[in-house]
Amino acid sequence: MNPEFAGVLLSPVVLGLLGLCIGSFLNVVIHRLPKMMERQWKLESAEILGEPAPQIDPITLSTPRSRCPHCGHQIRWYENVPLVSWLALRGRCSACGKPISARYPLIELATGLLFAALGWRFGAQPTVLAWCAFVAVLVALAGIDWDTTLLPDSLTFPLMWGGLIAAALGWTIGLPNALWGTVAGYLALWSVYWLFRLTTGKEGMGAGDFKLLAALGAWLGWQMLLPIVLGASLIGAVVGIGMKLGGALREGRYVPFGPFLAGAGLVVLLAGSARVMDWLGWA
């Protein structure tokens, strides 16, 4: 790729605009993928039990067209421009005037800022697009886990394999580091899960957390696993206590760990391993 062309195409500004568009799509993924999974589970359950297939409207990431959840108004293309449309509509449906959740533009904005930060962090080189893909999947996983306490295999496994392939191609860290990061990431939380279960008889986390940390290890290396877990645990504890005191966390419910693992992974990525090691006094 021509260096001057790459400098423009992969600049923080252009990557930020790309991130806004990707963030709009991530909103669709966060909302629809759990519904697609639920539909598949119901169909499979009916088949196993020998019952008639339930009548469930088909749903994919592309169909049906996006609609207002209040009045069913079909969203027009100019009402779906990332960030701009929400601001122009003042956060309300153009048909019924009901509020549109602020989370939609926030995810778009967050993804745009993260992509721009990656452009600044890695410079105008093609490998920055691999890191953009990594970040996009993390944002989707964090949103889905927060809403449903699910970390879909359809996202965690490709993220993990993508990290190993990127390392094998020389785009990120060395392959041995990525491989051991994957193994250590999975076994670390798997061990904590079983220790907690054998001690208390309860499940402290889901298997999706093992897979997510394995994927983070594949991209960031085994050395960054402990900082990620420590950071995620600290932030998760603070948020959980705050929600408990504020009455936002009902009895018997828990705060999903995935969003905090993803957030800690993003901090490590943008800060760089050397700076993280220095923060912890391990340099």
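This is a predicted model: local features need pLDDT of at least 70, side-chain atom pairs count only at pLDDT 80 or more; totals for chains, interfaces and linings use all residues.
**Notebook: helix packing and loop residues**

**Entry 1. Thr149.** I looked up Thr149 and found it partly exposed, at a relative accessible area of 35%. I use buried for under 20% relative accessible area, exposed for over 50% and partly exposed for what lies in between, with a 1.4 Å probe and protein chains only. I number residues from 1 along each chain as its sequence is written, and I take side-chain values from heavy atoms, with hydrogens and water left out.

Thr149 is in the loop between helix 5 and helix 6. Helices here are DSSP runs (H or I, at least four residues), as strands are (E, at least two), numbered from the N terminus. I noted that the phi of Thr149 is positive, about 60°, although Thr149 is not a glycine. Thr149 also follows helix 5.

**Entry 2. Helix 5 itself.** I then turned to helix 5. Its 22 residues reach 32 Å from first C-alpha to last, close to the 32 Å expected at 1.5 Å a residue; the expected span is 1.5 Å times one less than the number of residues. Of these 22 residues, 16 are buried, so helix 5 is largely enclosed by the rest of the structure.

**Entry 3. Helix 5 against helix 8.** I recorded two quantities for each helix pair, as packed helices are described by the angle between their axes and the distance between the axes. The axes are lines fitted to C-alpha atoms, for helices over the stretch in contact, and angles run from 0 to 180 degrees between N-to-C directions. For helix 5 (residues 127-148) and helix 8 (residues 207-220), the axes come within 12 Å and cross at roughly 165°. That makes the two helices roughly antiparallel, on a scale where under 35 degrees is roughly parallel, over 145 roughly antiparallel, 65 to 115 roughly perpendicular and the rest oblique.

The crossing of helix 5 with helix 8 is left-handed, a term for a near helix turned anticlockwise from the far one by less than a right angle, with clockwise being right-handed. From helix 5, Ala130, Trp131, Phe134, Leu138, Leu141 and Asp145 meet Asp209, Leu212, Leu216, Trp219 and Leu220 of helix 8. By class, I logged nine nonpolar, no polar and two charged residues in this contact. Nonpolar covers Ala, Val, Leu, Ile, Met, Phe, Trp, Tyr, Cys and Pro; charged covers Asp, Glu, Lys and Arg; the others, Gly among them, are polar.

Entry 4. I found 14 residues in helix 8, reaching 20 Å between the first and last C-alpha, close to the 20 Å expected at 1.5 Å a residue. Because 13 of the 14 residues are buried, helix 8 is largely enclosed by the rest of the structure. Gly221 follows helix 8, with a positive phi near 95°.

Setting aside residues up to four places away in sequence, Lys211 touches Asp153, Thr156, Phe157 and Tyr186; contact means heavy atoms within 4.5 Å.

**Entry 5. Helix 5 against helix 10.** I found the axes of helix 5 and helix 10 (residues 258-271) within 8 Å, crossing at roughly 155°. Helix 5 and helix 10 are therefore roughly antiparallel. Their crossing is left-handed. Helix 5 contributes Trp131, Phe134, Val135, Leu138, Ala142, Asp145 and Trp146, and helix 10 contributes Gly258, Pro259, Phe260, Ala262, Leu266 and Leu269. I logged eleven nonpolar, one polar and one charged residues in the contact of helix 5 with helix 10.

**Entry 6. Helix 6 against helix 7.** I noted that helix 6 (residues 153-168) and helix 7 (residues 175-200) pack at about 160°, with axes 8 Å apart. This pair is therefore roughly antiparallel. Helix 6 passes helix 7 in a left-handed crossing. Met160, Leu164, Ala167 and Ala168 of helix 6 make the contact with Leu175, Ala178, Leu179 and Thr182 of helix 7. The classes are seven nonpolar, one polar and no charged residues.

**Entry 7. Other loops.** Pro64 lies in the loop between helix 2 and helix 3, and the peptide bond from Thr63 to Pro64 is cis, with omega near -5°. Val81 lies between helix 2 (12-49) and helix 3 (84-88), and at 32% relative accessibility Val81 is partly exposed. The C-alpha atoms of Val81 and Ser24 are 8.2 Å apart, although 57 residues separate them along the chain.

Arg90 sits in the loop between helix 3 and helix 4 (103-122). I recorded a positive phi near 60° for Arg90, a residue other than glycine. At 74% relative accessibility, Arg90 counts as exposed.
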